[in-house]
Amino acid sequence: MNSISTVKKPSPVWEIRFHWLLASCLLAAPFCGIAQSYNALLIPDSLKKNARAVVREDEFILEIKSPAKAVTKEHHVYTILNENGDNIGGFTSSYGKFNSISSITLTLYDAMGKELKRVKKKDMEDRSAVSEGTLMDDYRYKEYNFYYKVYPYTVDCQQEDEHTSILDFDDWIPLYNSGISTQHSKYVIIAPKDYKVRYKPVNCNYQPVITESGDKKIYTWETGNLPARTTEVAGPAWKEIAPYVLMAPSEFEAQGYKGNMSTWTDYGKFISQLRAGRDVLPEDIKKKVHELTDHLTDSRQKVYALYDFMQKNTHYISIQLGIGGWQPFPADYVATKRYGDCKALSNYMVALLKEAGIKGKYVEIRAGSDAAFMIEDFPSFQSNHVITCVPMGKDTIWLECTSQTESPDFMGSFTGGRKAILIDEDGGHIVKTPSYSSRDNTQCRSVNAAIDAEGNLEADVNTVYSGIRQEFPHGLMYEFSDDEREKYLNTKLFHLPTYKVDKNHYEEQKGTIPVVKEYLHVLSPNYANASGKRLFILPDIFDRSSYRLPADSVRLYDFIDKEAFTYIDSITLRIPAGYKPEAVPQDVSIDSKFGKYKASVKVSSDKIVYFRRWEEAANRFPPSDYAALVKFYEQLYKADHNRIVLVKE
Amino acid sequence: MTFGKFTLLILLGLGAGTFKATAQEKSPARFGKITSADFDLSKQKFDSGAAAVVIADIGGSEFVGNVKGWFSLEFKHYKRIKILNKNGFDAANIEIPLYISGADEEKLVSLKAVTYNLENGKVVETRLEDKSVFTDNMSKHWKQKKFTFPALKEGSIIEYSYTQSSDFLFNLQPWQFQGEYSCLWSEYQVGIPDFFQYVTLSQGFLPYDLNTSSSRNVSFHITFPGGAERDENETYEDNVVDHRWVMKNVPPLKEEKFTTTLNNYVAKIEFQIARYRFRNSMIKDIMGNWPKVSEELMKSDDFGADLNRNNGWLDDDMKVITKGAANSLQKAQKIYAYVRDNFTCTNHYAIYAATPIKTVFKNKNGNVAEINLLLAAMLNHEKIQADPVILSTRTHGFTHEIYPLLTRFNYVICQARIDSSVWYLDASETWLGFGHIPERCYNGHARVISKDNAAPAYFEADSVMETSRTTVFISNESKGSLSGAFQTIPGYFESCTIREKVKDKGEKEYFKALQTSYPGETTFSNSGIDSLKIPEQPLGISYNFAMKVDSSEDLFYFNPLLTEGYKENPFKAAERRYPVEMSNAFDDTYVFNMEIPDGYAVEELPKSAKVLFNDDEGFFEYLIAKDDNNIQLRSRIRLNKATYKQEDYATLRDFFAFVVKKQSEQIVFKKKK
């Protein structure tokens, strides 16, 4: 019932077709070439190291017949080495408006390569794939699992699909994911001679062998014997380290709409075409726009007024049918229904701005705090979200239209600090959304507290959060019910032995860097440990770091600090009379390239004054820095857990 | 025998005439009847932080004659909700599930939905368009009608109504009075003709504000399809008893930790068809009783039919599987281990077999029913008496002891009688040992299903005692650090969890994580885990550790519990609405011996203490003592029960607060001058 997840609006992901590790295998009939032996004993040891599964064979053939017609044939053979690899052996394949599955054959083999079982498409469950948070879409999926558990075993999948659009190609990803090695992988595109096939190798130099046959050109990529890799704590995402080749169409057609994706200009024109004529507002809304903005002279104020109107009068509902996965609902639809997805709401916002004489732009972006970076020089469908921006010289305003509560001009961790495609009349342009520094993302906590001789704590806690740091408290304010908030505050917020937050209050200041102010009244029985005549007190009451890195690993990849932040704690803790300090931790001050940390404590006859400041920038460190990073975080951990001991006089 | 302590089922009367209609209080809302005054809820009582409030939720089920020569059910549902703020927008997303079986399916007719907004004092309505209602074909047996209300904003009132028509007489719609939002008026009416008898099951902590019944005479028009001949129309008169239940100002449901499932506590009413008698025919018994249901289950291909066969196809394999077994017990153990280690459980919640056990045996996989039915068949094949036992797992809710309501069950285990002992077995989990069943099965009443009997069996969480024992020795062997030897035998289920963890990540990673849980610089050596491959036994975990001591300090503080003990109170929430249901009782003992470090003397020792929990229901002791060279501590916490009433919650919370405090106390050492 209660989602203590993150703050964000229902992730408005409108199109999930990126087949990164989809165990969605497919396969086709007559594959020439290597005679298959499925005997798992034949797998070289180098491919078993660190591996839970081995891709024995991976063949994908895409035959483009026309910009609106293609056939794919896939053949995948996986040997599962242990139970952690079971998910690779399970079969799931989705289909939708633009593709249908013609055939599927799955075969199970034992370790020696003896066939145990074979199933076809008709044996599989057919289910709706409407995702959580979506009212309706047209994806469905086929699913099958042999549930075999005598390891190793081998699964052979063959699938053939027909496509009535070639909007989006599967990329060639010879190494699926961590812990999976690949013996042989091949990707083939067969296209009419004059069709421009587009591809771009990433983290590798794989180039196709191109041959001709009649009026067709055949592009073949092939590789093999790739050992399994592992990923690391705070390391780069798989797509930053694994070799793969991006594939995309040039000319394409979907549901009667024609386009070309060779340049961002052409891409932008296609999206503009989908939006053409969809910015008409009903008369009452037009009137409303003028009512809200005509009296304002400042354009920024006009934008804010319209954004506020949009937020108050719409909410996010996702319906993705057919080309509707790419095409927004018209502005008048949003006006009457008062709902839409990211595309529809942004399109509506742009229409509102237009009515007020302001040029707003529709911007496609890949959203999510851990979204993959964009490959700028390879136009293709890389986005999963749409926002609005209003260029104003240097002072562009950015608007997230799926949230009813977000500040105008704040992108945060969801869409901030990344490249996006602005769709203009003349096509698409790369733009960059604002980034947030350690000055923007802050948490300043001021605590006024007292403990008694039993160690019971009573504290007034005032915290000011800003930037990305305010996203969670913002969610607590707006997306939690009173009840859920109370429950969260009283069970999850602090690592105190037993405690109660009996008063809470939140206030928001909207802005480019939004701020949330939080007041809490906290009671924690026995917070300080009273043993005999001593009181043991951790002066860092609320923010002790628990971050420790595993020490003995050999580091292969960069260490990434994603988010910049500054934490400041200043605590005044009154202590009972009659105690004198017996042990007081020394001040700590660390100033390194990994971050700056300072903690100091002063004990006087009636109080303890503790101060702590910790600042880190968003940064990336080479593997050679890893040992020093381990030490850095150990020092912080230790400093945060330093104890004061008071003894009765 | 202990019967489920929190069984809240109250049986209401069947049939007519037990209640007479009293006050005819009307429901507060009707579709389409709305004025601006209805938007003002300031006089109504509901929880202050609510995001939405249900003004009225009204359902009715009745029987109608159909054109297939029988009866159908018609369920009418009307609901009006006020959206108070944005968090309540979710209440405007509606899903109506419809059941499909072969050519028969439940149908939704006359769906209407309207949003009302108050604009300048006037009520403005926006209707749902037909094309905005989507059909999601979920799977073979279920589809869903889905829609969301248009023109929604904070303060909107939304309402919808529909009729759902069903040929499935077992699917007389249940009614849940309590939901995610407060409800001002929740009402359900059911009219049951005397032809049919249903058992009514009502549960929850909330009383009915109205609970009435009356009877009337009804004519049912039934068409009998004639096939090649003409259809025949008939009319039958029968007495219909109308029941009406109303709850007002129903609080929302709220989840809490240590609850098996809210399903056991939500205010709701359900119906189970017991029998019918149409015209002058014989009474047709549907629900039956436990012995009869048991007999039928044992005859059914979906359950026990294969157990009654001699299963000769097993002959050869059984010889191999039981090879070397000296007696029945050893045979049973070998068979159990074979099934457990070679079969994959594809679905842990099932009471029926979809596949004959011969096929299950060949495919090496099956759902929990199939796997444990196969286990029973294999035991029977070796002349060991084995019967399936059906039960409901903890998250699935309690079963009914009196009525054989099979939908309340979702799990099958196996009972084996060997010599004079009774064993309960579950071969669906690789980590389970012979004679153990998973914690999720400890949910009270269960039934042993056999040809001629249906004996109840009881699996109470209170009966599961998890006992752990940890010992630590710290000596002065090396300079500048404390050397310790740590040994622990966790409880059985804790051992299972660790076993799974070790299997996932490896022993090395397991100890690495343990090592980082120690404060300061601590290194491990000689680590090892006993009984890792013997799922019948608890584990034995041991390691040596060296902990650095800062010898420059005059004083040195040391928590003798090390990383053991409670750091935080498991009962954090200050209030409690439902009983506390933990998965087991427990008894954890921690024994600590320490040589006083060279060059130091004990400056201060925590005080010994012992507290009792509710007199004899448990205790916590912390006994510490020292002599010239050694310190000894024994910390033990024992709770005799797993389940507690709401009233005991504050005591539990205080008890653990004391445990946490005591277990964080420090020994103070001082350098000798």
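## Two chains and where they meet

The contact between the chains takes 44 residues from chain A and 47 residues from chain B, where two residues are in contact if their C-beta atoms, placed from the backbone, lie within 7 Å. On the side of chain A that touches chain B, at least two residues each come from several elements, including β6 (125–128), α7 (331–337) and β33 (579–583). The largest share, 5 residues, is supplied by α11 of chain A. Sorted by class, this side of chain A has 15 nonpolar, 15 polar and 14 charged residues. Here Ala, Val, Leu, Ile, Met, Phe, Trp, Tyr, Cys and Pro count as nonpolar, Asp, Glu, Lys and Arg as charged, and the others, Gly among them, as polar.

Keep in mind that this is a predicted model: local features need pLDDT of at least 70, side-chain atom pairs count only at pLDDT 80 or more, and totals for chains, interfaces and linings use all residues. Residues are numbered from 1 along each chain as its sequence is written, while chains are lettered from A and ligands numbered from 1 in the order in which they are written.

As for confidence, pLDDT is the predictor's own score for each residue, from 0 to 100. Chain A has a mean pLDDT of 90, and 94% of its residues reach 70 or more. Over residues 1–35 of chain A, though, the pLDDT is below 50, and this stretch has 81 contacts in the model beyond near neighbours in sequence. Where pLDDT is low, the predicted coordinates should not be read in detail.

Here are the two chains side by side. Helices (H or I, at least four residues) and strands (E, at least two) are DSSP runs, numbered from the N terminus. A residue is buried if 20 or more other C-beta atoms lie within 10 Å of its own, exposed if 12 or fewer, and partly exposed in between, with C-beta atoms placed from the backbone.

| Chain | Secondary structure | C-alpha span along principal axes | Buried |
|---|---|---|---|
| Chain A | 12 helices, 38 strands | about 95 × 70 × 40 Å | 44% of 649 residues |
| Chain B | 8 helices, 37 strands | about 105 × 80 × 45 Å | 33% of 673 residues |

Now for the cores. A nonpolar core is a set of buried Ala, Val, Leu, Ile, Met, Phe, Trp, Tyr and Cys residues joined through C-beta atoms within 7 Å. The largest one has 93 residues, and A:Tyr348, A:Met349 and A:Val363 touch the most other members. Helix α8 (residues 342–355) of chain A gives the most to this core, with 9 residues. Apart from this core lies another, of 55 residues, with B:Val54 and B:Trp175 among them.

Finally, B:Gly599 sits in the loop between β31 (585–595) and β32 (600–604) of chain B. B:Gly599 counts as exposed because it has 12 C-beta neighbours inside 10 Å. Not counting residues up to four places away in sequence, B:Gly599 touches B:Lys671 and B:Lys672.
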